[in-house]
Every structure is written in C-alpha cells, then in structure tokens.
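Some labels in a structure description rest on cut-offs. Here they are put to the test.

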Amino acid sequence: MPVEIDIAKVANLARIALTEEELTRYGSQLEDILVHAERVQGLPTEGVEPTSHPLPLVNGFRPDETDECLDRDSFLSQAPDSSDGQFRVPRILG
Amino acid sequence: MTDLADLTIAEAGAGLRKGEFSSVDLLDAVTRRASITEAQLHAYLTLDAKGARAAAEAADAAFADGDVAGPLQGIPIALKDNMCTKGVTTTASSQILAGWKPPYDATVVRRLKEAGAVLTGKTNLDEFAMGSSTENSAYGETRNPWNPDHVPGGSSGGSAATVAAGSAFGALGSDTGGSIRQPAALCGVVGMKPTYGLVSRYGLIAFASSLDQIGPFSRTVADSAVILDAIAGWDRRDSTSIDGPVPNLAGSLDRGVKELRVGIVTELMGEGIDPQVKAAVSTTASQLEAAGAELVEVSLPSSEYALSAYYLIAPAECSANLARFDGVRYGHRSQIEGTTEDMMAHSRAEGFGPEVIRRILLGTYALSAGYYDAFYGQAQRVRTLVRTDFAEAYEKVDVLVSPTSPTTAFRVGERAADPIAMYYSDVCTIPSNLAGDPAISVPIGVDDTGLPIGFQIMAPALGEEIMYQVASAVESIAGFTQRAVLASSDVVAP
C-alpha cells in the first residue's frame with residue numbers, strides 16, 4: 001500500500017524550516033521507510049496491550065525540601081542571548 | 001616491551017597498585033597512541049588534556065597515600081560525546097550544540113570521577129546517536145582501526161575505535177538499538193548494554209528514552225564488568241533507574257558453562273546474515289556445547305518485526321526529545337529575521353543533520369493525529385509481542401545467543417545513501433532494546449578480510465550475572481587476542 005505524506009504539514013508540526021527541494025526529498029524517503037514500517041500493520045495484535053516502557057514505572061516522591069540546585073548564571077552563560085537574568089528571544093508576534 | 005597503551009584495565013590497575021608505573025604514565029601512553037592514530041581514525045572530538053592530567057596526578061597522589069578507591073583509579077577512560085561533562089564541550093556530534101559546555105556532569109561521569117578514573121575526552125558518534133556507522137557526525141566520520149577504509153559501526157563508533165586502537169583503556173557508549181554492541185563487534189572489542197534502568201541516564205542527551213541505556217566498552221569481559229560495576233545503581237535524578245540491588249559480576253567470571261542452557265536464535269541465523277559471520281557464531285556455539293552447556297535452537301517469531309517496530313518507536317520518542325533544541329536556552333540560534341517561531345524553525349533546520357531531520361519528521365508523522373494508532377500504537381503492541389517471545393524463551397533457556405551484527409564492518413560510504421540498508425545493521429541488537437534486557441558482544445574471530453566478528457549473548461532483565469558468566473566462557477573458548485592494525489606498537493606517525 002503506497003503511503004502519501006503531507007510532508008509540508010509534518011515539517012511545520014516539527015518546526016523545521018525546509019526548502020521545497022528538501023521537502024520533496026524527505027517526503028519520498030519517508031514514504032520508502034513507511035512502506036517498510038507497514039509490515040507491522042499486518043500483524044494480528046487484537047487484545048495485545050501496548051508496551052510503552054520496559055519497566056513498570058511508578059512515580060518517585062521525595063520530601064518537599066529545599067535542595068542544592070545549579071545556579072542561574074551557569075545556564076545563562078550557555079544561552080544564545082540573555083538579559084536581566086532571563087533568556088532573551090526575538091519578538092513573539094508576527 | 002609492551003606499550004602501556006595495550007594493557008587491559010586489570011593489568012594496568014595491577015601495575016599501578018604495585019607502583020610499576022603511574023597513572024600519568026598510562027595517560028601519556030594513550031595520548032601518544034592518539035597522536036599517532038587520530039589522523040586516520042578521528043575517534044575523539046575533544047581531548048581534555050588538562051582535566052585528564054589533573055585527574056592522573058590526583059590518582060597518583062592517592063596511590064602514594066595508600067588511598068585506593070577501586071579498580072578504575074588512575075585508568076584513562078573515554079566518554080561518548082552525548083554525555084554531559086561539566087565545563088567540557090559536549091556536542092552529541094551536532095552543529096546545533098557546537099561549543100556547548102554543560103553546567104553539570106552526567107551521573108555516570110560523576111561516578112567514574114568518584115572511582116578515580118581519568119577521563120581522557122569525548123568520542124565521536126552519529127549525530128544524537130542516530131546511525132550505525134558514525135558517518136552521520138557533523139564533525140566528520142570515524143574510521144575502523146582494523147581497516148580505515150571501513151566504518152567502525154555506530155552510533156558509539158568513536159568509543160569503540162578508541163578502545164580498539166589503544167587511545168583509551170575503556171569507554172562509555174549508549175545503546176538505543178545496538179549502538180554499543182554493533183560498533184564493539186565491528187571493532188573487535190567487548191561492548192555491553194545493561195538492563196534498562198540499571199545505569200542512570202541523568203545527563204545523557206536523550207534520543208529515545210524508553211530504549212536508551214549507557215554501557216561500557218573494553219578489551220576484555222572482566223574489564224567490562226569492572227566498568228559496569230562503577231556506573232550501575234539507583235540514582236534519584238533518573239526516575240527510570242531501578243531502586244534495587246545491582247548484579248555482583250566479580251563472582252560471574254571464569255565459572256564455565258556446565259549445565260547452562262544456551263538458546264541460539266533461529267531468526268537471527270537466517271537470510272541476511274553473512275555466511276562467514278554465521279559460521280563463526282555456529283562454531284562458538286558448538287564449542288560452548290562441548291564445554292558442557294546444553295545448546296538448543298530457540299525461535300523468537302516476532303523478532304523479524306522488531307526492526308520495523310523500532311523504526312517507529314525510536315523516531316517517535318526522538319521527535320519529542322529533540323523538541324528542546326529550539327535556539328532559546330542553549331545551542332545554535334539562527335540569525336534569520338522574524339518571530340521567535342521563525343527563529344526556532346530555522347535554528348533547527350540549520351543545526352540538525354539529514355538523518356536527525358529524517359527521524360524527527362518520521363516520528364512527528366507517526367505521532368500525528370489520524371496516524372498515531374496505526375503506526376505508534378501498533379509498534380507498541382509489537383513491542384509486547386517481542387517481550388512475550390523473550391519471556392517464553394527464557395522459560396526454556398538461561399541465555400540466548402546470536403551474531404551481534406549481520407555483517408562485518410562495511411566500507412565508508414557503502415550504505416550512506418540508503419537509510420533502510422543502514423537500519424538493517426541493527427537487526428540482531430534491536431530486540432533486546434525493545435525488551436529492556438541486557439546483552440553483550442564478545443569478539444570471536446575475523447573474516448577472510450581480517451575484519452572482526454562479534455558474538456552476542458542476551459539474558460533476561462537483571463540477568464547480568466549469568467550473561468557475564470557465559471561471556472567470560474566465550475572469551476576464553478574463542479581465545480581471540482588479535483589486536484587492530486592501528487593498535488600495533490609498530491604503527492608510527494605518518
């Protein structure tokens with residue numbers, strides 16, 4: 001079964017700005033890979049529970065006490081832009 | 001005289017404790033080796049000469065005071081560059097993290113430091129650990145120390161190559177679908193993926209969180225156990241780490257395989273496995289039988305779907321994990337004019353390489369409305385089938401064995417243009433990641449072109465003790481002591 005992908009929509013959801021040429025190339029590669037992935041769709045899995053994780057996970061709790069943490073400057077020093085102790089970004093609205 | 005760089009960790013540790021040489025001598029030996037081999041291999045992205053020298057001097061001072069922390073004290077160890085090292089550049093081989101200096105150490109890094117290890121530097125990988133050849137690095141590919149025209153495997157190809165070449169005594173890698181075991185097989189060293197949750201992932205740059213696990217590279221099975229012992233154990237900073245006793249591996253070695261039940265996996269010995277690899281694995285399995293093990297054929301019928309399920313689950317998780325690289329808090333920021341959202345989309349397009357973009361797009365698609373259940377949900381149900389197959393197999397046998405990689409090291413460029421051919425490299429290793437079980441690759445020989453062959457041993461969750469018992473037997477039965485061409489002491493600087 002051939003797969004058709006709206007690759008521009010997917011790239012937008014993933015927030016990756018691709019050129020028309022890149023969209024065409026990635027779109028066709030994804031379709032090839034998904035044909036391979038479709039093998040799993042033919043398997044009878046009725047009544048099979050999905051595994052999201054290999055461990056039975058339970059939430060871990062600790063006392064709500066002040067603890068050591070990393071200082072703000074050590075993070076801000078690695079940011080592309082910052083001011084007044086905060087991350088700085090371009091304008092939000094278009 | 002043996003070059004110190006060629007010693008095992010056990011030999012180097014014994015020499016240190018006897019005062020035959022110093023940690024600084026060991027560091028000098030691996031640094032000298034790196035200065036010869038790196039021009040051809042490019043296994044390291046960053047050599048932390050200053051930090052390593054300080055750690056070696058500290059280890060020597062501790063030895064002088066009679067203060068011995070453990071078997072890794074004073075031993076030079078390399079780290080895959082997707083593990084955070086405080087103040088030392090960490091890139092995950094991506095342009096998007098060029099020059100990033102983490103403000104903290106990963107838990108495994110902290111534990112190695114506490115054990116007195118000397119951390120030499122950061123090794124090359126496929127970008128964000130996505131690949132099977134270490135060709136997908138934004139900083140150039142790593143080559144195989146047995147033949148530099150061939151790939152070292154991946155994604156932890158740099159770590160495998162350093163250990164094979166003698167530019168570190170051991171190394172850490174990460175394994176999401178085979179990224180420790182497959183390069184270990186292709187570079188003729190021991191590589192091990194622990195039970196999911198045995199080793200903390202805090203400070204490991206995440207790829208696929210339900211599959212990723214950190215583990216050791218070494219030249220011997222005993223050295224592998226020593227490194228695993230230093231990094232294993234519960235960590236409050238990783239909610240998926242197991243809060244329980246860790247395996248006692250020291251007692252597992254050299255115990256033989258008498259009366260152990262060993263299952264050879266039918267589906268991983270069929271079509272697509274190179275005949276020379278298959279023959280070598282069969283021979284070693286027969287030798288285990290001759291040594292007293294009970295050898296049976298075991299079927300894992302769902303394993304043939306594991307690869308397809310993996311290439312939906314791993315990209316889905318990667319698309320979520322890599323959303324954090326948006327040019328706001330760290331890493332590359334595009335200079336494009338526009339809004340923050342434009343900046344993010346362009347930062348990501350400029351910063352990520354093609355394989356990473358491919359997987360993010362694939363994962364985004366598999367998780368998007370209308371396709372979620374057909375792709376991601378179905379892949380998770382197949383994951384259950386794979387786990388059930390393993391559980392049933394382990395009712396009949398103690399361990400499972402197979403080739404680690406379907407072929408020996410392929411040529412640089414050979415599979416670069418064909419993602420699906422590259423994905424097939426992990427067909428034997430992926431089932432253990434889906435199940436969350438431990439597995440180890442032990443070198444057993446070479447093919448007719450002189451490239452190494454790896455033998456994989458798989459065990460049930462937290463079955464590390466019996467797995468190391470069999471690995472130790474395989475190592476001694478195979479008697480594989482040959483070293484990589486580039487590790488030869490005769491190799492001189494070009």
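The questions below take up some labels used for chain B.

This is a predicted model, where local features need pLDDT of at least 70, side-chain atom pairs count only at pLDDT 80 or more, and totals for chains, interfaces and linings use all residues. Residues are numbered from 1 along each chain as its sequence is written, and chains are lettered from A and ligands numbered from 1 in the order in which they are written.

Q: Why is B:Asp67 called exposed?
A: A residue is exposed if 12 or fewer other C-beta atoms, placed from the backbone, lie within 10 Å of its own, buried if 20 or more do, and partly exposed in between. B:Asp67 has 11, so exposed is the label. B:Asp67 sits in the loop between helix H3 (49-64) and strand E2 (76-80) of chain B. Helices (H or I, at least four residues) and strands (E, at least two) are DSSP runs, numbered from the N terminus.

Q: Which strands pair with E9(B)?
A: Pairing takes at least two DSSP bridges between two strands. Strand E7 (residues 261-265) of chain B has three to E9(B), running parallel. Strand E11 (residues 452-458) of chain B has four, running antiparallel. B:Val401 stands opposite B:Ile457 in E11(B).
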